[in-house]
Amino acid sequence: MEAGGTPLVRGVGFTVGRGERVGIIGESGSGKTLTALALLGLLGEGLRAGGSARLAGAPFDLLGAGDRELSTVRGRLAGMVFQEPMTALNPVMRTGAQVAEALRLHGPRSERPGRDAARATAVELLGRLRLPDPARAARAYPHQLSGGQRQRAVLAGALANDPALLICDEPTTALDVTVQKEIVDLITGVSDERGTAVLYISHDLALVASVCHRVLVMHDGRIVESGPVEQVLRQPEHPYTQALLSASDLSVPAPRPPAPAEPRTLLRARGLTRRYARPRRGLLGPRAHFTALEDLDLELRAGARVGVVGESGSGKTTLLRLLSGLDRPTSGTVENAAGDGPRDGAPGSGLQVVFQDPMGSLDPRMRVRDIVAEPLPDRRSPAAADRVAELLADVGLPAEAAGRYPHQFSGGQRQRIAIARALAPRPSVLLADEPVSALDVSVRAQVLDVLSRVTAERDMALCIVTHDLGVVRYLCDEVVVMREGRVVERGPVERVWEAPGHPYTRQLLDAVPVLR
Amino acid sequence: MRVFLRRTAALLVSAVIASFVVFAFLSVLPGDPAEVVLGTNAGTQELAALRHSFGTDRPLVVQYADWAQGLLHGDFGVSYISHDAIGPRIGDRLGVTCWLALGGMAVAVLFALPAGVLAAAWHRRPAGAVLSAVSQAGIAVPAFLAGILLVYVFAVRAGALPAGGYTPLAEDPAAWARHLVLPCLSLGLVQGAVLTRYVRSAVLTVLHQDFLRTARARGRRQWPALWRHGLPNAAVPVLTVLGLQLSTVLVGAVVVERVFVIPGLGDLLLQSVADRDLLVVQGVVIVLVVAVLVVNVVTDLLYHLLDPRLRSR
């Protein structure tokens with residue numbers, strides 16, 4: 001496969017048998033998604049695939065076929081589920097109609113179901129995928145459904161004609177762990193029951209291990225290793241597979257700094273509550289409120305590492321916004337003994353934040369040196385330039401990075417830049433909002449190690465908000481589990497892992513796929 | 001329904017404010033209608049008598065109340081100059097301008113939809129680039145120039161269509177249509193060129209959206225997927241521009257009306273400004289303001305029809 005003469009994927013060959021589930025793992029840019037798209041002729045313009053791909057039931061080579069021929073394969077013999085459930089459905093069309101579409105496109109014209117019959121079957125399909133109240137979900141528009149519900153609807157469309165092959169491209173990466181488990185169980189269930197072959201693309205090794213029988217490891221457009229899951233993950237032969245395995249293993253915690261003798265309290269939150277007003281129902285109706293966060297206490301001492309976990313909507317990001325002063329609590333207080341920030345001037349004061357998306361949180365038109373120096377009081381001075389060089393070295397970036405722009409870096413490098421910027425004013429508290437969720441497994445550990453090291457060296461308090469329990473276990477000493485705006489459990493990481501006290505915590509822990 | 005009521009209420013408030021502003025603005029302008037009618041060497045007594053008969057000697061508040069009350073009944077008052085009732089005159093002219101504007105926009109849409117969609121779908125091919133270039137050039141052409149060129153080609157050289165003038169629909173539908181073809185084309189092609197750009201970029205955005213790929217993964221072929229899933233989504237941003245253009249055309253038709261000697265609202269406005277027939281000016285302006293407000297409300301409501309995400313808010 002190539003784009004404008006540049007080869008992207010080379011010499012990839014594999015088979016998937018009936019009822020077999022084959023995983024493709026690799027990091028972004030390895031060519032795993034391109035491979036899947038090429039099979040169904042869904043490559044973007046300018047991309048060409050050569051070679052040959054045969055699918056049982058299709059009397060032609062998938063790679064040479066035109067749109068007309070392939071359209072008889074897509075949705076009938078092979079279904080596909082995509083990564084981003086939020087955008088994978090047409091926002092202005094009812095969900096049920098989109099599922100029904102798959103039913104009304106295939107087979108001889110005289111045998112195609114009518115609109116109403118197809119809608120009824122679509123409701124049935126949605127029900128089989130365990131959507132609560134499928135009739136209502138079918139009438140709903142995609143924005144009225146949650147991410148997990150939308151992904152079920154996409155899956156319903158892909159499975160509508162009982163295809164021989166189901167291609168899943170990171171179908172759960174954008175979803176919460178508990179929802180991920182439900183979707184994955186559905187996919188494996190259908191595969192077992194109907195003998196559907198599954199090609200499962202993911203960067204999550206543990207997930208692939210729990211879903212698939214065989215696995216292909218892709219790197220730089222080639223398959224570097226393949227075989228049964230057990231064998232590849234137990235005795236990886238290729239150095240890349242070995243590196244990938246060790247990078248994605250967060251079970252051995254990062255080295256902990258010795259606790260300071262008398263840690264001073266840097267940040268103290270008491271009774272934090274945040275309510276958002278909902279629009280009035282009618283002109284004189286009562287004002288409804290949505291409580292994002294209720295009565296939360298939190299204390300951050302020097303050297304502490306606190307992880308806040310919860311699913312989307314649990315209030316964890318609201319908490320971070322309140323702690324950092326980006327939002328004001330409806331009631332409760334945040335005492336910031338650390339000081340407000342660089343304006344205070346004193347070293348070791350202030351609070352800084354590292355955000356989730358290193359692409360969105362760095363100004364694309366600023367050079368790295370200006371980004372990192374921005375929080376400094378005299379950012380044009382030679383002293384500032386020295387400080388930038390020092391910070392870049394701290395986060396493991398080369399000195400010449402200073403002259404470049406964010407888009408010239410990979411996701412992991414960009415997150416290091418964001419960390420360097422946060423460290424620039426020598427804060428004593430570092431807050432991080434899902435700092436590695438947008439990154440590949442292979443760089444996740446590196447970025448976490450940087451966070452761990454820099455906070456340890458400076459005796460800073462670190463508070464990480466994440467949905468990834470592995471990250472908390474790797475990095476934190478103390479964990480706060482949140483659900484629907486409330487704390488359901490808190491305590492030392494080890495204790496919570498070994499003996500979770502709340503059923504919800506147990507449910508969260510169970511949903512995480514683990515490499516055995 | 002709630003949206004409809006809310007938008008209509010907002011329209012009424014805006015219209016009241018607009019009427020006040022229009023009245024106040026034209027009242028503070030120099031130019032006493034009585035002086036205009038009688039000329040520069042009129043006697044003071046004659047002036048006072050005429051002002052009294054016009055009612056312009058009353059306090060402004062009373063004049064406004066009187067005018068605004070009339071408007072509610074469709075009474076725009078009587079011209080200072082021609083002594084005709086203004087309402088029916090504006091009504092006739094408004095009809096003409098509406099035909100022109102709607103015809104022009106119809107031409108624009110008929111041209112821009114296929115051109116924009118093809119320009120987007122073919123954006124990597126030479127044909128797409130040519131379409132883009134043509135629309136780009138079209139934007140640069142002023143409507144009156146397009147009008148003159150069309151007249152030269154179709155009326156002067158080919159003699160197929162009239163070069164100007166207007167026949168009311170009720171009198172002779174065929175002649176009415178023949179008279180409107182060239183003006184609508186000259187308005188529409190230029191607006192169509194502008195619209196093509198927006199259709200193209202809206203469709204381009206949609207082309208790269210995930211849901212189009214999902215639809216194809218279900219077995220929709222490329223073009224049907226674009227038609228069924230892409231265009232309804234591309235319609236939302238295009239509608240914004242369409243609403244703005246319709247307002248522009250309603251107000252801006254005057255240039256084309258001049259070129260083709262069409263008795264439209266803009267023509268009436270220019271004429272009454274020249275004659276200092278302030279009451280007519282006032283009437284025409286308020287009608288145009290309300291027309292633009294109505295277009296905006298209709299656009300807004302169409303949004304809600306097109307995009308369910310707006311409805312649930």
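Q: What makes two strands a pair in this predicted model?
A: Two strands pair if DSSP finds at least two bridges between them. Strand β5 (residues 78–81) and strand β6 (residues 165–169) of chain A have four bridges, in the parallel sense, so they count as a pair under the rule of at least two. One spot to look at is A:Gly79, which stands opposite A:Leu166 in β6(A).

Q: How do you know that β3 and β8 of chain A belong together?
A: The rule asks for at least two bridges, and four bridges join strand β3 (residues 21–25) to strand β8 (residues 214–219) of chain A. These two run parallel, with A:Gly23 opposite A:Val215 in β8(A).

Q: What makes β5 and β9 of chain A edge strands?
A: The sheet is open, with six strands in the order β5-β6-β7-β3-β8-β9 of chain A and mixed pairing. Each of β5 and β9 (222–228) pairs on one side only, and that puts them at the edges. Neighbouring strands of this sheet are turned by 15 degrees against each other on average, ignoring direction.

Q: Which faces of β5 of chain A are covered, and what makes its residues buried?
A: A residue is called buried if 20 or more other C-beta atoms lie within 10 Å of its own.

Q: Why is helix α1 of chain A called mostly covered?
A: Seven of the eight residues of α1 (residues 32–39) are buried. They are A:Lys32, A:Leu34, A:Thr35, A:Ala36, A:Leu37, A:Ala38 and A:Leu39. The cover over these residues includes β3, β6, β7 (197–202) and β8 of chain A. Just after the helix, A:Gly41 takes a positive phi of about 65 degrees.

Q: How do you know that the radius of gyration of chain A agrees with a compact globule?
A: For 516 residues, the globule rule gives a value near 24 Å, and chain A has 25 Å, so the two agree. Along the principal axes, the C-alpha atoms of chain A fill a box of roughly 80 × 60 × 45 Å. Buried residues make up 48% of this chain, which holds 18 helices and 18 strands.

Q: What is the secondary structure of chain B?
A: Chain B comes to 13 helices and zero strands. Buried residues make up 33% of its 313 residues. An unreviewed UniProt entry annotates residues 94–299 of chain B as "domain: ABC transmembrane type-1". That span is 83% helix and 0% strand, with its end C-alpha atoms 20 Å apart.

Q: How do you know that chain A touches chain B?
A: Residues are in contact if their C-beta atoms lie within 7 Å, and 30 residues of chain A are in contact with 22 residues of chain B. On the chain A side, α2 (67–73), β5, α3 (95–104) and α6 (147–159) each supply at least two residues. The residues on that side divide into 14 nonpolar, nine polar and seven charged.

Terms used. Residues are numbered from 1 along each chain as its sequence is written. Chains are lettered from A and ligands numbered from 1 in the order in which they are written. This is a predicted model: local features need pLDDT of at least 70, side-chain atom pairs count only at pLDDT 80 or more; totals for chains, interfaces and linings use all residues. The radius of gyration is taken over C-alpha atoms; the globule rule is 2.2 Å times the number of residues to the power 0.38. A residue is buried if 20 or more other C-beta atoms lie within 10 Å of its own, exposed if 12 or fewer, and partly exposed in between; C-beta atoms are placed from the backbone. UniProt positions are given in the numbering used here, feature names are shortened, and annotations may be inferred rather than shown by experiment. Axes are lines fitted to C-alpha atoms, for helices over the stretch in contact, and angles run from 0 to 180 degrees between N-to-C directions. Two residues are in contact if their C-beta atoms, placed from the backbone, lie within 7 Å. Ala, Val, Leu, Ile, Met, Phe, Trp, Tyr, Cys and Pro count as nonpolar, Asp, Glu, Lys and Arg as charged, and the others, Gly among them, as polar.
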